[in-house]
Amino acid sequence: MTSSDSAPGARTFTISGDVYDRFMGRYSTKLAVPLADAAGIGPGQTLLDVGCGPGALTAELVRRVGAEHVSAVDPAPQFVEAVRGRIPGVDARVGRAEELPYPDGRFDAALAQLVLHFVSDADATAREMRRVVRPGGVVAACVWDFGGGMQMLRLFWDAALALDPAAPDEEHTRPFGRDGEIAGLFERAGLEDVERGSLEVEASYEDFDDFWTPFLSTTGPAGAYADALDDGHRARLHDELRTRVGSPEGPFTLKAKAWYAKGRA
Ligand SMILES: C[S@@+](CC[C@H](N)C(=O)[O-])C[C@H]1O[C@@H](n2cnc3c(N)ncnc32)[C@H](O)[C@@H]1O
């Protein structure tokens, strides 16, 4: 059994790091900065990026503490290879958040950016993040506000629902996209001093094609949905989405909000 077989969430991400970057990386690269700020990440710490993908948060952690103090783990082997190639010196491993391949108390902080809604067992993940952090260390995580704050995904699912009421809107199919859900998870895991809040970023597009094309790459639940449609339905979705984005003729910018929580081990 490969790590992808045992981590269904990873099967949503069989694309390359470069393809991921054009879809979600253009947001997650920016989101890494306020998440690391919220977690109090700074020089001298030893850090773990859980569900690192191709390394958006990993790179921000390395910028703050140096590659030799950063570990990164993800069940998708091509993402782990991407991190190794992009950020030499990082200890990047294939593995699952539910069974982190590190000893107790190894890190000063463990962070998971846009991961909790994909893991098979979020409670086990939170317990594992707590286990690998030293007493008093920080566990932090964030997930998009699927209800409306993440405009790219909200626009996509609203367009999809307009044509297909059964479309699997992530607001209803994925956990942790509401305020307080991650904080509740962390409290169940025994973390202390749990705090929560929101993080806001934005991303720019050259034109509508730059926005639409990444949805055709099978990336994440939205990409998988678009990929499974027949050509006619996909063309109608394109037109519906274009209208909802405002039929832009040139560059445009969208906002994205994520809910986060942090606690102490
Ligand atoms: C939306 S991506 C986020 C990647 C990266 N953290 C970022 O911010 O760009 C979700 C990531 O969760 C990973 N993932 C899915 N199931 C997982 C699990 N059980 N344990 C750890 N990571 C998992 C996927 O492989 C993917 O890289």
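**Close-up views of a predicted model**

**View 1. A bridge between β7 and β6.** In strand β7, L199 has A258 as its bridge partner. Helices (H or I, at least four residues) and strands (E, at least two) are DSSP runs, numbered from the N terminus. β7 covers residues 252–264, and twelve bridges join this strand to β6, the two running antiparallel. Two strands count as paired if DSSP finds at least two bridges between them. This is a predicted model, in which local features need pLDDT of at least 70 and side-chain atom pairs count only at pLDDT 80 or more, while totals for chains, interfaces and linings use all residues. Residues are numbered from 1 along each chain as its sequence is written, and side-chain values use heavy atoms, with hydrogens and water left out.

**View 2. The open sheet.** Follow the order β3-β2-β1-β4-β5-β7-β6 to trace the seven strands of this open, mixed sheet. At its edges are β3 (91–94) and β6 (192–205), each pairing on one side only. On average, neighbouring strands are turned by 20 degrees against each other, direction ignored. Axes here are lines fitted to C-alpha atoms, for helices over the stretch in contact, and angles run from 0 to 180 degrees between N-to-C directions.

**View 3. Two helices on the sheet.** Helix α6 (residues 122–132) packs on the sheet and touches β1 (47–50), β4 (107–113) and β5 (133–144). The direction of α6 makes about 145 degrees with that of β5. Helix α7 (residues 151–163) also packs on the sheet, touching β5, β6 and β7, and its direction makes about 115 degrees with that of β7. Contact means heavy atoms within 4.5 Å.

**View 4. The surroundings of K257.** K257 is found in strand β7. Leaving aside neighbours within four places in sequence, K257 is in contact with W144, D145, G149, M150, S198, L199 and E200.

View 5. The ligand is surrounded by 22 residues, the closest being Y20, S28, G51, D74 and Q113; a residue counts as near if one of its heavy atoms lies within 4 Å. By class, the shell has 14 nonpolar, five polar and three charged residues. Helices α2 (8–11) and α3 (17–38) each supply at least two shell residues.

Methods:
Nonpolar A, V, L, I, M, F, W, Y, C, P; charged D, E, K, R; others polar.
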